[in-house]
Structures are given as structure tokens and as C-alpha cells.
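Let's walk through this fold together, one packing contact at a time. Have your viewer open and ready to follow along.

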Amino acid sequence: MPAASEIILPAPLRRRLSAAAAELLPGGGEVFSSPLGEPALAGPDSVSWRVFKNPLSLFIGGVAAVILEFAEPGVRSGVWDHSSFRRDPGGRLRRTGLAAMITVYAARSRAEAMIAGVRRRHDTVEGQTPGGAAYRANDPLLLDWVQATAGFGFAQAYSAYAWPLSAEALSRLYAEGAPAARLYGAVGAPTDVAGMSALFAAMRPRMEASPIVFEFLDIMRTADLLPAPLRPLQGLLVRAAVEIVPAQVRDILGLDRRWDLKPWERALVRTLGGLADRVVIEDGPPAVACRRLGLPANHLYRP
């Protein structure tokens, strides 16, 4: 997978980007800078490290992943009934984003400790869906679905709006996520494109529409989630996320063509995604993790 060539920004703009990264992932720098030299769950030349460096496609892919998660009633009830998302969507988004970055870029020991903590918290999450079905957050089937939807969302967002990924690159990305998935308990999470397609087909009979999906999307459109200069784009990025959800899932959820991007909007998101893929955020997790391993901060941006 080729690397994007770096865009060198003026120093004042670089400082503003670093400040925005710190706002989204507070306290993240120390997490990714040590222990010095310790590798992550995936290596710096992996597809994962290149995909997760793009903040715009991560936002889009994260929204798409949650839409897919919420198509399954057990996952939807577990998140909606047992998390702080409705009360504090910004805080929840930052914590979730930091967890994703730790899984990819932090030293293996830090990622393992973080994931173990998540597992312990999830041990207490259980209940019933509105339809009366019991669920447990650490149910292996639900864990497989959450891991799969995350991998699918981030991969499709990057491929659609930053840099097209081949089927081989997609399969590599899914396989690179397997060590983290096993730590979470998702032992059956797909490791290639064929496995991803098979899981989506198997889960389709469990999917159902819910007004919670639209409540979630409304929060993502209107809450103060992004740094102030980017908030006018928030609604556009949410619709970009809806657009990469598979058509059959959109039909089940009632996400009709009113959510589609206009051609000029799609072109704008792709332009922004391409630019985001070429700008080094010097204090962001990818650059800090590269320096931890003795690599230059722009390692992921060199052809």
C-alpha cells in the first residue's frame, strides 16, 4: 500500500492542528511515547497504521461503525442503556477514539492493559432488549460484530474518502486487527474480505430498525464534537458515514436516499480526506508512536 506524500504546513497551522489533536485525545501523548522501543500490536508498516492516521476518515468510519452496531438490537441496547453517550457524547467520543488509537499505536503492554480494563467493565453489562431478548456485552457473537463493524467502517471510510484500498489491503487490515480482537474476546471476528461478507450475511436476519439510530445520528450532527473550525462540516461527515453503510443495511434501518451526498459534497469530502492523509500532526498518536520506535514522525507519509 503506497504512502501519501507529506504536506508541510506553516508552523502556526501545525501548532493549531496539534492543539486540536490534544483536544480530541486529551493526555494521549504520554500513552503513545512509552515504553520506548516497545512495539504495538501491529507494526508501523501495516495497513492499520496508515489507515488510522487519517482523522477525517476515522470520524466518518466511526459513525458508520456505530450505525452498523446499532442495527443489532443487543449491541444497540447495551450501548444505549449502559453508556454515557446521551449525557456526554463528546466525552464518550473522545474516550472511544483514544481506545481505538491505543489499540493500534500504543505499546503492546499498554494496549493489553487498556483492553483488559474494557473487558472487566463489560462483564457487568447485561440486560434485555425492548423485544425481550437477553444480551451480555461480552457475548462472543456480539463482540465479533462490534469488532467487524469497526474494521469495516474505518476501512470503507478510508477507501472511499482518502485512498482506495484493494481487496488484498482490506484483508490485510482485517487480519492485523485479529490480535486485538482476540484480547477483547472476539475470537470469531473476520480476518479477510470473504469472512467479513459472510458475517454480514449471517447477521442480517438479526438486524432491525430503531428510532435510536436516528437519535444517534442527530446527536452526531448537532453536538459540539469536532474542533470549532470543523463543526460546520459535521453534518456533511455524518451523511458521508451513512453513504458507506451497505445498501441492504440502510434499507433495514430506513436510511433512505435523503441521507445521500450530492456529487459536489462527495467530491469535497474526498478532497478533505486526501488532504488529511498528507498532513503530519506532530503530537498526534501516529507521529508519537513512530518516534517511540525510533522512526521519523513523518514515516507514514513517505512514498
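Helix axes here are lines fitted to C-alpha atoms, for helices over the stretch in contact, and angles run from 0 to 180 degrees between N-to-C directions. Helices themselves are DSSP runs of H or I with at least four residues, numbered from the N terminus. Please keep in mind that this is a predicted model, in which local features need pLDDT of at least 70, side-chain atom pairs count only at pLDDT 80 or more, and totals for chains, interfaces and linings use all residues. Residues are numbered from 1 along each chain as its sequence is written, and side-chain values use heavy atoms, with hydrogens and water left out.

Start with H13 and helix H15 (residues 263–276), whose axes lie 11 Å apart at an angle of about 100°. That angle makes H13 roughly perpendicular to H15, a label covering 65 to 115 degrees. Leu236, Leu237, Arg239, Ala240 and Glu243 of H13 meet Glu265, Arg266, Leu268 and Val269 of H15, where contact means heavy atoms within 4.5 Å. By class, this contact has five nonpolar, no polar and four charged residues; Ala, Val, Leu, Ile, Met, Phe, Trp, Tyr, Cys and Pro count as nonpolar, Asp, Glu, Lys and Arg as charged, and the others, Gly among them, as polar.

Now zoom in on alanine 240, which is found in helix H13 (residues 234–243). Is alanine 240 buried or exposed? Alanine 240 counts as buried because its relative accessibility is 0%, and the cut-off for buried is under 20% relative accessible area with a 1.4 Å probe, protein chains only. Leaving aside neighbours within four places in sequence, alanine 240 touches Ile60, Tyr161, Leu261 and Val269.

Ile60 leads us to the largest nonpolar core, which has 91 residues, with Ile60 and Leu217 having the most contacts inside it. Such a core is a set of buried Ala, Val, Leu, Ile, Met, Phe, Trp, Tyr and Cys residues joined through side-chain atoms within 4.5 Å. Apart from neighbours within four places in sequence, leucine 217 contacts Val63, Ile67, Val238, Val242, Leu255 and Trp259.

Another pair to look at is helix H8 (residues 140–161) and helix H11 (residues 193–203), which pack at about 125° with axes 11 Å apart. Here Leu141, Asp144, Trp145, Ala148 and Phe152 of H8 meet Met196, Leu199, Phe200 and Met203 of H11. These residues divide into eight nonpolar, no polar and one charged.

Finally, find the cis peptide bond joining serine 34 and proline 35, with omega about -5°.

Methods. Helix = DSSP H or I, 4+ residues; strand = E, 2+ residues; numbered from the N terminus. Buried < 20%, exposed > 50% of the residue type's maximum accessible area, 1.4 Å probe, protein only. Parallel < 35°, antiparallel > 145°, perpendicular 65-115°, else oblique.
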